[in-house]
Amino acid sequence: MSDLVIIGGGIIGGASLYYLLEKGYSGSIVVMESNDALAQKATSLSAGGMRNIWSTTVNMKMTTYSIKHFSEFKELFGISIGFEQNGYLFTFYEDRWDEIVKFKPKWDEAGVSTELITPEDIEKMIPGLVSGVDHLDPEIQEMLTISPIVGGLFGKDCAILNATAAATTYFDYSVNNYPDQVKISLNTDVDRIVIEGGRVKGVLTKDGDLIQNETVLLAAGAWSQEILKRSGVDEEKNIPVIPIKRMLFVVSQPKAVDYRNIPLTIIDEGVYFRDEAENLIVGCADEDQSPGFDTDPDKSYYEDYINLYMQARIKGAEYCRIQNMWGGLYAMNTEDHNAIIDKHPDIEGLYINTGFSGHGIMEAPAAGISMAEIILNGEVKTIPEVRSLNLNRIKKGDLIKETIVI
Ligand SMILES: Cc1cc2nc3c(=O)[nH]c(=O)nc-3n(C[C@H](O)[C@H](O)[C@H](O)COP(=O)(O)OP(=O)(O)OC[C@H]3O[C@@H](n4cnc5c(N)ncnc54)[C@H](O)[C@@H]3O)c2cc1C
(Lines give C-alpha, C1' and ligand atoms only; values in the text may rest on other atoms or scores of the structure.)
Protein backbone atom coordinates (compact mmCIF):
# COMPACT_ATOMS: atom_id res chain seq x y z
CA MET A 1 0.00 0.00 0.00
CA SER A 2 1.24 3.47 -0.85
CA ASP A 3 -0.51 6.76 -1.54
CA LEU A 4 1.40 7.57 -4.70
CA VAL A 5 3.48 5.48 -7.08
CA ILE A 6 5.91 7.29 -9.37
CA ILE A 7 6.88 5.12 -12.34
CA GLY A 8 10.32 6.12 -13.61
CA GLY A 9 13.53 7.08 -11.82
CA GLY A 10 14.84 9.63 -14.32
CA ILE A 11 15.13 13.39 -13.89
CA ILE A 12 11.39 13.93 -14.42
CA GLY A 13 10.43 11.40 -11.74
CA GLY A 14 13.12 12.89 -9.48
CA ALA A 15 12.10 16.53 -9.91
CA SER A 16 8.42 15.63 -9.44
CA LEU A 17 9.22 13.74 -6.23
CA TYR A 18 11.34 16.57 -4.82
CA TYR A 19 8.76 19.31 -5.47
CA LEU A 20 5.86 17.20 -4.23
CA LEU A 21 7.59 16.76 -0.88
CA GLU A 22 8.82 20.32 -0.61
CA LYS A 23 5.35 21.64 -1.43
CA GLY A 24 3.80 19.64 1.35
CA TYR A 25 2.65 16.26 0.01
CA SER A 26 2.06 14.27 3.17
CA GLY A 27 1.34 10.77 1.85
CA SER A 28 3.68 7.89 1.20
CA ILE A 29 5.44 7.62 -2.17
CA VAL A 30 7.06 4.65 -3.88
CA VAL A 31 9.31 5.30 -6.88
CA MET A 32 9.51 2.27 -9.15
CA GLU A 33 12.49 2.04 -11.46
CA SER A 34 13.20 -0.96 -13.65
CA ASN A 35 16.98 -0.44 -13.66
CA ASP A 36 19.36 -1.31 -10.84
CA ALA A 37 20.26 2.38 -10.52
CA LEU A 38 18.48 5.70 -10.91
CA ALA A 39 18.74 8.03 -13.92
CA GLN A 40 20.48 5.63 -16.28
CA LYS A 41 18.33 6.11 -19.37
CA ALA A 42 17.63 9.31 -21.36
CA THR A 43 18.68 11.43 -18.39
CA SER A 44 22.25 10.16 -18.32
CA LEU A 45 22.47 9.79 -22.11
CA SER A 46 21.58 13.41 -22.86
CA ALA A 47 23.86 16.23 -23.95
CA GLY A 48 22.95 18.13 -20.77
CA GLY A 49 22.25 21.34 -22.68
CA MET A 50 19.75 23.95 -21.55
CA ARG A 51 18.53 27.02 -23.38
CA ASN A 52 15.78 29.54 -22.77
CA ILE A 53 15.74 30.60 -26.42
CA TRP A 54 12.42 29.30 -27.75
CA SER A 55 9.58 30.72 -29.81
CA THR A 56 6.73 29.65 -27.51
CA THR A 57 6.07 31.38 -24.21
CA VAL A 58 5.59 28.12 -22.33
CA ASN A 59 9.01 26.81 -23.31
CA MET A 60 10.67 30.16 -22.58
CA LYS A 61 9.06 30.34 -19.14
CA MET A 62 9.79 26.73 -18.22
CA THR A 63 13.44 26.87 -19.23
CA THR A 64 13.99 30.27 -17.62
CA TYR A 65 12.61 28.83 -14.38
CA SER A 66 14.83 25.78 -14.72
CA ILE A 67 18.00 27.74 -15.50
CA LYS A 68 17.51 29.80 -12.35
CA HIS A 69 16.89 26.67 -10.29
CA PHE A 70 19.95 24.84 -11.66
CA SER A 71 22.12 27.95 -11.15
CA GLU A 72 21.14 27.85 -7.45
CA PHE A 73 21.43 24.06 -7.18
CA LYS A 74 24.73 24.04 -5.29
CA GLU A 75 23.40 26.44 -2.67
CA LEU A 76 20.18 24.49 -2.34
CA PHE A 77 21.59 20.97 -2.14
CA GLY A 78 25.33 21.41 -1.53
CA ILE A 79 26.05 19.32 -4.64
CA SER A 80 27.88 20.45 -7.76
CA ILE A 81 26.13 19.46 -11.00
CA GLY A 82 28.69 20.91 -13.41
CA PHE A 83 26.42 23.82 -14.24
CA GLU A 84 28.34 26.01 -16.69
CA GLN A 85 26.79 29.06 -18.28
CA ASN A 86 28.77 29.30 -21.53
CA GLY A 87 25.73 30.12 -23.64
CA TYR A 88 24.18 28.72 -26.82
CA LEU A 89 25.11 29.96 -30.28
CA PHE A 90 22.66 29.34 -33.14
CA THR A 91 23.93 30.11 -36.64
CA PHE A 92 21.62 31.00 -39.54
CA TYR A 93 21.55 31.18 -43.33
CA GLU A 94 19.86 34.03 -45.17
CA ASP A 95 16.54 32.13 -45.47
CA ARG A 96 15.78 32.28 -41.70
CA TRP A 97 17.72 35.31 -40.57
CA ASP A 98 14.89 37.85 -41.06
CA GLU A 99 12.59 35.73 -38.92
CA ILE A 100 15.18 35.73 -36.11
CA VAL A 101 15.78 39.49 -36.33
CA LYS A 102 12.01 40.09 -36.22
CA PHE A 103 11.60 37.77 -33.23
CA LYS A 104 14.32 39.48 -31.17
CA PRO A 105 11.96 42.06 -29.51
CA LYS A 106 9.82 39.17 -28.22
CA TRP A 107 12.82 37.65 -26.45
CA ASP A 108 13.66 41.09 -25.03
CA GLU A 109 10.09 41.45 -23.78
CA ALA A 110 10.17 37.99 -22.21
CA GLY A 111 13.46 38.75 -20.46
CA VAL A 112 15.34 36.12 -22.47
CA SER A 113 18.85 37.40 -23.07
CA THR A 114 19.76 37.19 -26.76
CA GLU A 115 22.33 38.93 -28.89
CA LEU A 116 22.38 39.06 -32.70
CA ILE A 117 25.95 38.69 -33.83
CA THR A 118 27.82 38.95 -37.11
CA PRO A 119 29.63 36.16 -38.98
CA GLU A 120 32.90 37.79 -37.86
CA ASP A 121 31.82 37.60 -34.21
CA ILE A 122 30.92 33.92 -34.71
CA GLU A 123 34.37 33.18 -36.14
CA LYS A 124 35.96 34.83 -33.10
CA MET A 125 33.78 32.87 -30.70
CA ILE A 126 34.45 29.50 -32.38
CA PRO A 127 38.09 29.41 -33.53
CA GLY A 128 38.54 27.71 -36.90
CA LEU A 129 34.90 28.16 -37.95
CA VAL A 130 34.48 29.58 -41.44
CA SER A 131 31.14 31.30 -41.92
CA GLY A 132 31.34 31.57 -45.72
CA VAL A 133 31.34 28.71 -48.24
CA ASP A 134 33.78 30.04 -50.87
CA HIS A 135 36.46 27.65 -49.63
CA LEU A 136 34.29 24.65 -50.61
CA ASP A 137 34.03 23.04 -54.04
CA PRO A 138 30.67 23.80 -55.67
CA GLU A 139 29.83 20.04 -55.75
CA ILE A 140 30.37 19.81 -52.00
CA GLN A 141 28.25 22.91 -51.43
CA GLU A 142 25.50 21.32 -53.47
CA MET A 143 25.82 17.89 -51.91
CA LEU A 144 25.64 19.28 -48.38
CA THR A 145 23.15 22.02 -49.34
CA ILE A 146 25.34 24.37 -47.34
CA SER A 147 25.05 28.17 -47.51
CA PRO A 148 26.94 31.07 -45.97
CA ILE A 149 26.15 31.83 -42.32
CA VAL A 150 24.81 35.40 -42.26
CA GLY A 151 24.26 35.82 -38.55
CA GLY A 152 24.25 34.24 -35.12
CA LEU A 153 21.94 34.26 -32.14
CA PHE A 154 23.82 34.08 -28.87
CA GLY A 155 22.09 33.40 -25.56
CA LYS A 156 24.47 34.00 -22.69
CA ASP A 157 22.24 32.50 -20.00
CA CYS A 158 22.03 29.09 -21.67
CA ALA A 159 24.05 26.38 -20.00
CA ILE A 160 25.16 22.79 -19.69
CA LEU A 161 24.99 20.51 -16.69
CA ASN A 162 25.45 16.96 -15.51
CA ALA A 163 21.87 15.71 -15.61
CA THR A 164 22.61 12.43 -13.83
CA ALA A 165 24.01 14.31 -10.84
CA ALA A 166 20.95 16.59 -10.74
CA ALA A 167 18.50 13.69 -10.96
CA THR A 168 20.18 11.55 -8.33
CA THR A 169 20.40 14.56 -6.01
CA TYR A 170 16.61 14.97 -6.15
CA PHE A 171 16.17 11.34 -5.09
CA ASP A 172 18.90 11.40 -2.42
CA TYR A 173 17.57 14.61 -0.93
CA SER A 174 14.02 13.25 -0.85
CA VAL A 175 15.02 9.97 0.81
CA ASN A 176 17.25 11.71 3.35
CA ASN A 177 14.79 14.43 4.28
CA TYR A 178 11.55 12.46 4.14
CA PRO A 179 12.65 8.95 5.15
CA ASP A 180 9.22 7.97 6.47
CA GLN A 181 7.46 8.98 3.28
CA VAL A 182 9.70 7.86 0.43
CA LYS A 183 10.75 4.45 -0.79
CA ILE A 184 12.84 3.91 -3.91
CA SER A 185 12.25 0.53 -5.43
CA LEU A 186 15.00 -0.36 -7.93
CA ASN A 187 14.90 -3.43 -10.21
CA THR A 188 11.14 -2.99 -10.23
CA ASP A 189 9.75 -3.25 -13.70
CA VAL A 190 6.16 -2.10 -13.89
CA ASP A 191 4.04 -4.38 -16.02
CA ARG A 192 0.86 -2.31 -15.87
CA ILE A 193 -1.23 0.15 -14.00
CA VAL A 194 -4.40 -1.55 -12.81
CA ILE A 195 -7.32 0.54 -14.01
CA GLU A 196 -10.89 -0.42 -13.21
CA GLY A 197 -14.01 1.57 -14.00
CA GLY A 198 -11.93 4.50 -15.21
CA ARG A 199 -9.95 4.73 -11.94
CA VAL A 200 -6.44 3.72 -10.92
CA LYS A 201 -6.57 0.78 -8.51
CA GLY A 202 -2.93 -0.22 -8.30
CA VAL A 203 0.33 -1.09 -9.99
CA LEU A 204 1.39 -4.58 -11.02
CA THR A 205 5.10 -5.33 -11.41
CA LYS A 206 6.54 -7.84 -13.85
CA ASP A 207 7.49 -9.98 -10.83
CA GLY A 208 3.78 -10.23 -10.05
CA ASP A 209 3.72 -7.90 -7.03
CA LEU A 210 0.55 -5.85 -6.78
CA ILE A 211 0.65 -2.50 -5.00
CA GLN A 212 -2.82 -1.26 -4.25
CA ASN A 213 -3.08 2.48 -4.60
CA GLU A 214 -5.16 5.13 -6.25
CA THR A 215 -2.65 7.63 -7.57
CA VAL A 216 0.06 7.01 -10.16
CA LEU A 217 2.46 9.49 -11.70
CA LEU A 218 3.75 8.19 -15.00
CA ALA A 219 7.26 9.54 -15.64
CA ALA A 220 8.68 6.62 -17.59
CA GLY A 221 9.89 8.64 -20.57
CA ALA A 222 10.05 6.67 -23.83
CA TRP A 223 8.39 3.66 -22.18
CA SER A 224 5.29 5.53 -20.96
CA GLN A 225 3.04 4.80 -23.93
CA GLU A 226 3.86 1.06 -23.77
CA ILE A 227 3.01 0.94 -20.07
CA LEU A 228 -0.36 2.54 -20.78
CA LYS A 229 -0.95 0.10 -23.64
CA ARG A 230 -0.24 -2.84 -21.32
CA SER A 231 -2.65 -1.25 -18.84
CA GLY A 232 -5.45 -1.54 -21.39
CA VAL A 233 -5.61 2.16 -22.26
CA ASP A 234 -6.91 2.36 -25.82
CA GLU A 235 -5.16 4.37 -28.49
CA GLU A 236 -7.58 7.26 -28.30
CA LYS A 237 -6.86 7.79 -24.61
CA ASN A 238 -3.17 6.97 -24.81
CA ILE A 239 -0.42 9.57 -25.20
CA PRO A 240 1.17 10.26 -28.61
CA VAL A 241 4.66 9.66 -27.25
CA ILE A 242 6.99 7.26 -29.02
CA PRO A 243 10.57 6.12 -28.46
CA ILE A 244 13.05 7.39 -31.01
CA LYS A 245 16.81 6.99 -31.01
CA ARG A 246 19.14 9.95 -30.84
CA MET A 247 22.91 9.52 -30.84
CA LEU A 248 25.80 11.45 -29.35
CA PHE A 249 29.47 11.22 -30.30
CA VAL A 250 32.39 12.23 -28.14
CA VAL A 251 35.14 13.22 -30.56
CA SER A 252 38.58 14.74 -30.25
CA GLN A 253 38.81 18.49 -30.80
CA PRO A 254 40.15 20.03 -34.01
CA LYS A 255 43.90 20.49 -33.74
CA ALA A 256 45.45 23.82 -32.73
CA VAL A 257 42.33 25.38 -31.26
CA ASP A 258 41.16 25.81 -27.73
CA TYR A 259 37.48 24.97 -27.41
CA ARG A 260 37.31 25.24 -23.64
CA ASN A 261 34.18 27.12 -22.57
CA ILE A 262 32.76 27.63 -26.06
CA PRO A 263 28.99 27.98 -26.21
CA LEU A 264 26.95 24.98 -27.32
CA THR A 265 27.01 25.76 -31.03
CA ILE A 266 24.49 24.78 -33.69
CA ILE A 267 25.63 24.86 -37.31
CA ASP A 268 24.36 23.54 -40.64
CA GLU A 269 21.45 21.07 -40.65
CA GLY A 270 21.28 21.15 -36.86
CA VAL A 271 24.73 19.71 -36.15
CA TYR A 272 25.58 20.79 -32.61
CA PHE A 273 28.68 20.55 -30.48
CA ARG A 274 30.04 21.65 -27.14
CA ASP A 275 33.25 21.03 -25.26
CA GLU A 276 33.48 18.07 -22.91
CA ALA A 277 36.76 17.80 -20.99
CA GLU A 278 39.42 17.65 -23.74
CA ASN A 279 36.89 16.55 -26.36
CA LEU A 280 33.71 17.67 -28.06
CA ILE A 281 30.24 16.18 -27.67
CA VAL A 282 28.57 16.24 -31.07
CA GLY A 283 25.03 15.38 -32.13
CA CYS A 284 22.44 15.93 -34.81
CA ALA A 285 18.88 14.61 -34.98
CA ASP A 286 18.60 11.96 -37.70
CA GLU A 287 15.29 12.86 -39.30
CA ASP A 288 15.16 9.45 -41.00
CA GLN A 289 15.43 7.51 -37.75
CA SER A 290 12.47 5.17 -37.41
CA PRO A 291 10.73 4.89 -34.04
CA GLY A 292 11.56 1.99 -31.74
CA PHE A 293 13.61 0.93 -28.75
CA ASP A 294 16.88 0.40 -30.64
CA THR A 295 19.70 2.42 -29.05
CA ASP A 296 22.75 1.05 -30.90
CA PRO A 297 25.06 3.89 -31.88
CA ASP A 298 25.99 3.97 -35.56
CA LYS A 299 29.42 5.43 -36.19
CA SER A 300 28.76 5.84 -39.90
CA TYR A 301 26.17 8.49 -39.04
CA TYR A 302 28.99 10.56 -37.61
CA GLU A 303 31.66 9.67 -40.18
CA ASP A 304 29.50 9.92 -43.29
CA TYR A 305 27.13 12.68 -42.29
CA ILE A 306 27.82 14.83 -39.22
CA ASN A 307 31.56 15.06 -39.75
CA LEU A 308 31.12 16.20 -43.35
CA TYR A 309 29.38 19.33 -42.08
CA MET A 310 32.02 19.83 -39.41
CA GLN A 311 34.79 19.48 -41.98
CA ALA A 312 33.05 21.89 -44.31
CA ARG A 313 32.63 24.45 -41.55
CA ILE A 314 35.57 24.00 -39.20
CA LYS A 315 39.24 23.89 -40.11
CA GLY A 316 40.84 20.71 -38.80
CA ALA A 317 37.56 18.89 -38.14
CA GLU A 318 38.89 15.89 -40.06
CA TYR A 319 40.89 15.21 -36.87
CA CYS A 320 37.72 15.03 -34.77
CA ARG A 321 37.81 11.23 -34.34
CA ILE A 322 35.30 9.27 -32.32
CA GLN A 323 36.39 8.54 -28.74
CA ASN A 324 33.03 7.32 -27.48
CA MET A 325 29.43 7.18 -28.66
CA TRP A 326 26.01 6.11 -27.51
CA GLY A 327 22.34 6.15 -28.38
CA GLY A 328 19.45 7.03 -26.10
CA LEU A 329 15.73 7.42 -26.49
CA TYR A 330 13.72 10.60 -26.87
CA ALA A 331 10.17 10.32 -25.52
CA MET A 332 8.95 12.03 -28.66
CA ASN A 333 5.56 13.67 -28.69
CA THR A 334 4.70 13.06 -32.32
CA GLU A 335 2.07 15.81 -32.38
CA ASP A 336 4.02 18.89 -31.33
CA HIS A 337 7.30 17.69 -29.76
CA ASN A 338 6.36 19.21 -26.40
CA ALA A 339 5.69 17.72 -23.00
CA ILE A 340 2.41 16.47 -21.59
CA ILE A 341 2.06 17.59 -17.98
CA ASP A 342 -1.43 16.79 -16.84
CA LYS A 343 -3.94 14.78 -14.87
CA HIS A 344 -5.32 12.24 -17.33
CA PRO A 345 -8.76 13.60 -18.30
CA ASP A 346 -10.40 10.15 -18.50
CA ILE A 347 -8.58 8.05 -15.92
CA GLU A 348 -9.06 9.11 -12.32
CA GLY A 349 -5.83 9.05 -10.33
CA LEU A 350 -3.44 8.97 -13.31
CA TYR A 351 -0.97 11.81 -13.79
CA ILE A 352 1.33 12.18 -16.80
CA ASN A 353 4.71 13.89 -16.95
CA THR A 354 6.45 12.93 -20.16
CA GLY A 355 6.81 13.58 -23.90
CA PHE A 356 9.66 16.06 -23.49
CA SER A 357 11.25 14.99 -26.77
CA GLY A 358 14.68 16.70 -26.77
CA HIS A 359 14.21 19.09 -23.85
CA GLY A 360 13.41 17.15 -20.70
CA ILE A 361 16.56 18.06 -18.82
CA MET A 362 16.13 21.77 -19.33
CA GLU A 363 12.45 21.61 -18.35
CA ALA A 364 12.70 19.14 -15.48
CA PRO A 365 12.51 21.58 -12.54
CA ALA A 366 9.61 23.47 -14.14
CA ALA A 367 7.89 20.18 -14.99
CA GLY A 368 8.47 18.90 -11.45
CA ILE A 369 6.98 21.91 -9.70
CA SER A 370 4.06 22.03 -12.13
CA MET A 371 3.26 18.34 -11.62
CA ALA A 372 3.45 18.80 -7.85
CA GLU A 373 1.00 21.70 -8.05
CA ILE A 374 -1.41 19.70 -10.21
CA ILE A 375 -1.36 16.79 -7.74
CA LEU A 376 -1.58 18.99 -4.64
CA ASN A 377 -3.87 21.81 -5.81
CA GLY A 378 -5.43 20.54 -9.01
CA GLU A 379 -3.83 23.34 -10.99
CA VAL A 380 -0.48 24.79 -12.04
CA LYS A 381 0.33 28.06 -10.26
CA THR A 382 4.01 28.95 -10.55
CA ILE A 383 4.16 28.83 -14.35
CA PRO A 384 0.50 29.17 -15.47
CA GLU A 385 1.51 28.70 -19.15
CA VAL A 386 2.17 25.01 -18.36
CA ARG A 387 -1.61 24.53 -18.43
CA SER A 388 -1.28 24.61 -22.22
CA LEU A 389 0.67 21.33 -22.03
CA ASN A 390 -2.49 19.41 -21.18
CA LEU A 391 -3.37 16.14 -22.86
CA ASN A 392 -6.63 17.38 -24.38
CA ARG A 393 -4.73 19.81 -26.61
CA ILE A 394 -3.87 16.86 -28.83
CA LYS A 395 -7.52 15.95 -29.46
CA LYS A 396 -8.48 19.59 -29.92
CA GLY A 397 -5.57 20.23 -32.27
CA ASP A 398 -4.50 23.06 -29.97
CA LEU A 399 -0.85 22.24 -30.47
CA ILE A 400 2.17 24.14 -29.16
CA LYS A 401 4.09 24.88 -32.33
CA GLU A 402 7.73 25.55 -31.56
CA THR A 403 9.90 26.97 -34.33
CA ILE A 404 13.27 27.18 -32.60
CA VAL A 405 14.15 23.51 -32.80
CA ILE A 406 17.50 21.78 -33.11
C1 LIG B 1 21.01 11.65 -27.09
C2 LIG B 1 20.11 12.54 -26.29
C3 LIG B 1 20.47 13.86 -26.09
C4 LIG B 1 19.63 14.71 -25.34
N5 LIG B 1 20.07 15.98 -25.07
C6 LIG B 1 19.29 16.80 -24.31
C7 LIG B 1 19.74 18.10 -23.94
O8 LIG B 1 20.84 18.53 -24.31
N9 LIG B 1 18.94 18.86 -23.16
C10 LIG B 1 17.72 18.42 -22.71
O11 LIG B 1 17.02 19.16 -22.03
N12 LIG B 1 17.28 17.18 -23.03
C13 LIG B 1 18.03 16.36 -23.80
N14 LIG B 1 17.59 15.10 -24.11
C15 LIG B 1 16.26 14.70 -23.65
C16 LIG B 1 16.30 14.33 -22.20
O17 LIG B 1 17.34 13.41 -21.97
C18 LIG B 1 14.97 13.72 -21.78
O19 LIG B 1 13.91 14.58 -22.17
C20 LIG B 1 14.91 13.54 -20.25
O21 LIG B 1 16.00 12.79 -19.80
C22 LIG B 1 13.61 12.85 -19.87
O23 LIG B 1 13.72 12.39 -18.55
P24 LIG B 1 12.78 11.24 -18.03
O25 LIG B 1 13.00 11.12 -16.58
O26 LIG B 1 11.40 11.49 -18.54
O27 LIG B 1 13.26 9.97 -18.86
P28 LIG B 1 14.35 8.84 -18.51
O29 LIG B 1 15.61 9.43 -18.02
O30 LIG B 1 14.42 7.94 -19.68
O31 LIG B 1 13.68 8.11 -17.30
C32 LIG B 1 12.59 7.24 -17.44
C33 LIG B 1 12.84 6.10 -16.48
O34 LIG B 1 11.71 5.24 -16.48
C35 LIG B 1 12.20 3.93 -16.28
N36 LIG B 1 11.20 2.96 -16.75
C37 LIG B 1 10.81 2.72 -18.02
N38 LIG B 1 9.89 1.74 -18.05
C39 LIG B 1 9.69 1.36 -16.78
C40 LIG B 1 8.86 0.38 -16.18
N41 LIG B 1 8.07 -0.42 -16.92
N42 LIG B 1 8.90 0.22 -14.84
C43 LIG B 1 9.72 1.01 -14.09
N44 LIG B 1 10.53 1.94 -14.60
C45 LIG B 1 10.51 2.13 -15.93
C46 LIG B 1 13.47 3.88 -17.12
O47 LIG B 1 14.32 2.84 -16.75
C48 LIG B 1 14.04 5.26 -16.86
O49 LIG B 1 14.98 5.27 -15.82
C50 LIG B 1 18.41 14.22 -24.82
C51 LIG B 1 18.06 12.88 -25.02
C52 LIG B 1 18.89 12.04 -25.74
C53 LIG B 1 18.50 10.62 -25.92
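**Strand partners in a predicted model**

Me: Which residue stands opposite Leu4 in strand 2?
Reply: This is a predicted model, where local features need pLDDT of at least 70, side-chain atom pairs count only at pLDDT 80 or more, and totals for chains, interfaces and linings use all residues. Residues are numbered from 1 along each chain as its sequence is written. Strands (E, at least two residues) are DSSP runs, numbered from the N terminus. In strand 2, Leu4 faces Ile29.

Me: How many bridges join strand 1 to strand 2?
Reply: Two strands pair if DSSP finds at least two bridges between them. Strand 1 and strand 2 (residues 29–32) run parallel, and the bridges joining them number 4.

Me: What about strand 12: which of its residues stands opposite Ile6?
Reply: Strand 1 also runs parallel to strand 12 (residues 216–218), with 3 bridges. Across from Ile6 there sits Leu217.

Me: Are Leu4, Val5, Ile6 and Ile7 buried or exposed?
Reply: A residue counts as buried if 20 or more other C-beta atoms lie within 10 Å of its own (exposed if 12 or fewer, partly exposed in between), with C-beta atoms placed from the backbone. Leu4 and Ile6 cover one side of strand 1 (residues 4–7), Val5 and Ile7 the other, and all are buried.

Me: In what order do the strands of the open antiparallel sheet come?
Reply: Its edge strands are strand 9 (190–196) and strand 11 (210–212), each pairing on one side only. Strand 9 pairs with strand 10 (residues 199–205) over 6 bridges, antiparallel. That sheet has 3 strands, in the order 9-10-11.

Me: Which residue in strand 10 is the bridge partner of Ile195?
Reply: Strand 9 and strand 10 pair in the antiparallel sense. Ile195's bridge partner in strand 10 is Val200.
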